[in-house]
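Please read them with the structure open.

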Amino acid sequence: MAKINIKIEGIPYEVEEGMTILEAAKACGYEIPSLCTFNHGECNLGSCRVCLVEATGARGLVASCVYPVSEGMEVRISSPKAVEARRSSVELLLSNHNKNCQQCEKNEYCELLHVAKLTGARDDAFAGVHSKTFFDQLAPGLVRDTSKCILCGRCVARCQNAHGMGILGFENRGFNTIVSPAENRSFADSPCIQCGQCVNVCPTGALMEHSEIDKVDAAFASGKVVIAQAAPAVRAALGEEFGYPVGTPVTGKMIAALRRLGFSKVYDVNFGADLTIMEEGTELLGRLKNGGTLPMITSCSPGWVNYAEYNYGDLLPHLSSCKSPHQMQGAILKSWWAKQNHVDPKDIFVVSIMPCVAKKFEKEREQEKVNGIPDVDAVITTRELARMIRRSGIMFRRLPEEDWDQDIMGDYSGAGVIFGVTGGVMEAALRTVYFKLTGKEKEEITFTEVRGHDAGIREASIDVNGTVINVAIASGMKSAKVLLDEIREGKSKYHFIEIMGCPGGCINGGGQPYIRSCFLPDEGDDIIDTYKEKRAQALYSEDERQTIRQSHNNPQIVELYAKFLGEPNSHAAHKLLHTEYAAREGFN
């Protein structure tokens with residue numbers, strides 16, 4: 001990249017051509033107040049006007065997040081004119097904002113509050129009528145509160161950039177403008193896939209996950225047997241809520257915290273992941289041998305399943321009929337575990353701790369019930385778990401390292417751990433498919449050709465004892481659409497496809513801790529680019545530490561089939577562990 005010369009506050013610097021003023025200033029050691037602290041200002045609309053500066057060659061003040069540097073440019077950040085303009089911009093945002101900060105779940109992570117402090121914004125500097133507001137909490141996964149929306153457009157851009165979807169947009173004009181699904185519909189009445197990526201980038205509390213902490217509280221009070229099960233991606237991110245560096249695994253402390261919160265049993269959903277591989281791998285082999293519908297596509301990600309039902313109803317036969325791991329494990333808890341422990345399934349309350357908002361929707365599906373009883377009763381996100389820990393007075397960093405309950409589902413393999421990373425389900429399945437086809441374990445257990453942390457498409461051809469399996473991996477619906485259109489057009493060369501709803505997989509789920517550079521001062525300038533890699537490495541490292549790294553070698557999985565399910569894809573397994581899908585219309 002070519003270099004150019006600029007001046008900031010009268011001091012000369014050499015910066016890369018093509019940078020915005022905001023990026024160039026940061027590279028030179030200046031943090032201009034802005035609302036572009038997620039992914040380097042993904043929206044790039046410059047609409048909030050918080051980052052205004054003076055620059056030669058420009059007519060008046062410019063939004064530094066979108067204005068490019070040029071040779072010889074002189075930038076003034078701290079001129080009285082720029083300082084006052086930034087303060088006024090924030091004050092205008094505050095003038096139409098619901099400032100109930102004490103009740104707002106984003107209080108500690110509110111970027112509006114952060115820039116208000118930086119700019120010295122005065123409360124009620126501009127008094128007047130507030131625009132009409134709307135509150136939507138009908139969808140199982142998401143809540144929208146326009147009284148807190150500042151019309152920055154980051155959620156609109158995120159939905160488009162991650163999924164190629166336009167679920168959110170600007171409705172009305174002028175003072176009546178709001179951000180909403182088309183026609184100000186509820187999320188429940190739109191083709192929203194409930195992934196929660198919009199929540200991750202919202203700078204205020206205008207978009208949030210639909211909290212289920214009250215359901216868990218009620219279950220504790222009811223006297224039911226309340227069981228916790230946590231997904232692998234949670235352990236790779238929960239520590240961030242308590243000051244640990246991004247990517248620090250906190251498995252033992254998380255388990256200790258869950259016990260102190262009052263859960264009767266604490267299990268790892270990795271057991272359910274191993275169970276999924278047994279069912280899904282067997283299903284794939286059956287399709288390959290018997291001329292079944294190919295390519296087969298994974299069904300672990302509820303956001304992706306929602307997208308398929310809304311947009312590719314004709315391709316639903318390509319999806320694996322397997323439930324996702326936490327739903328499978330919930331079904332086993334309310335059948336095999338209940339039988340072993342002489343507990344009525346109706347008296348068991350299963351709480352899944354997930355990195356995912358869409359799983360709140362998934363557990364509500366009628367197809368996810370067995371004999372009218374839901375597999376899972378409540379889903380709380382990584383962020384919600386952190387809130388529960390804090391309100392209970394638990395000093396997370398002082399907790400001891402404890403282990404999962406080790407009765408009928410305490411064991412898990414390394415294959416189950418990597419489910420949380422894009423490509424992980426594929427790799428876990430290939431480890432078992434290889435064994436099923438050859439009768440022996442692969443000498444090099446990893447399939448590095450399917451690994452990667454970013455959104456996009458990866459493909460590989462795996463030769464297993466003469467049988468070539470063409471595979472593809474995609475995360476984010478923008479990438480998935482390319483593969484799905486190939487299938488629809490009859491051009492797909494693949495046998496097996498893994499699709500994850502969130503870019504990067506569950507490690508970047510809509511329920512994970514917020515990544516904001518302004519709140520992570522010790523993480524370095526690259527944290528926005530590398531957090532997915534750091535979280536992924538936490539899971540890959542745990543996989544490498546495991547003695548058992550293939551799902552079919554998990555002794556408790558072997559016992560479950562021997563004593564209860566019979567064999568993978570058996571009638572009993574299908575009743576408990578498999579489901580159905582149906583095409584849906586986005587607007588009713």
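1. The model is predicted. I start with the side chain of E309, which reaches the backbone nitrogen of A582 at 3.0 Å. A polar contact of 2.7 Å also joins the side chains of E309 and R365.

2. E309 is part of helix α10, residues 302-311. Its relative accessibility is 2%, and because the cut-off for buried is under 20%, E309 counts as buried. Leaving aside residues up to four places away in sequence, E309 touches L316, R365, Y581, A582, A583 and R584.

3. Next is helix α6, residues 213-222, where the buried residues are I213, V216 and A219. They lie on the same side of α6, because the arc they cover around the axis is only 120°. D214 and A221, on the other side of α6, are exposed. After α6 comes G223, with a positive phi near 90°.

4. What do the buried residues of α6 pack against? Their partners are β11 (225-230), β14, β17 and α13 (382-391).

5. Two of these partners, β14 and β17, pair with each other: strand β14 (residues 348-354) runs parallel to β17, with 4 bridges between them.

6. Strand β17, residues 378-381, is covered on both faces. In a regular strand, side chains alternate between the two faces of the sheet. Here A378 and I380 are on one side, V379 and T381 are on the other, and all are buried.

Conventions. Residues are numbered from 1 along each chain as its sequence is written. This is a predicted model: local features need pLDDT of at least 70, side-chain atom pairs count only at pLDDT 80 or more; totals for chains, interfaces and linings use all residues. Side-chain values use heavy atoms; hydrogens and water are left out. Buried means under 20% relative accessible area, exposed over 50%, partly exposed in between (1.4 Å probe, protein chains only). Helices (H or I, at least four residues) and strands (E, at least two) are DSSP runs, numbered from the N terminus. Two strands pair if DSSP finds at least two bridges between them. A polar contact is a pair of N or O atoms within 3.5 Å; within protein, one must be able to donate a hydrogen and the other to accept it, and residues adjacent in sequence count only if both atoms are side-chain atoms. Contact means heavy atoms within 4.5 Å. The arc is that of the directions from the helix axis to the C-beta atoms.
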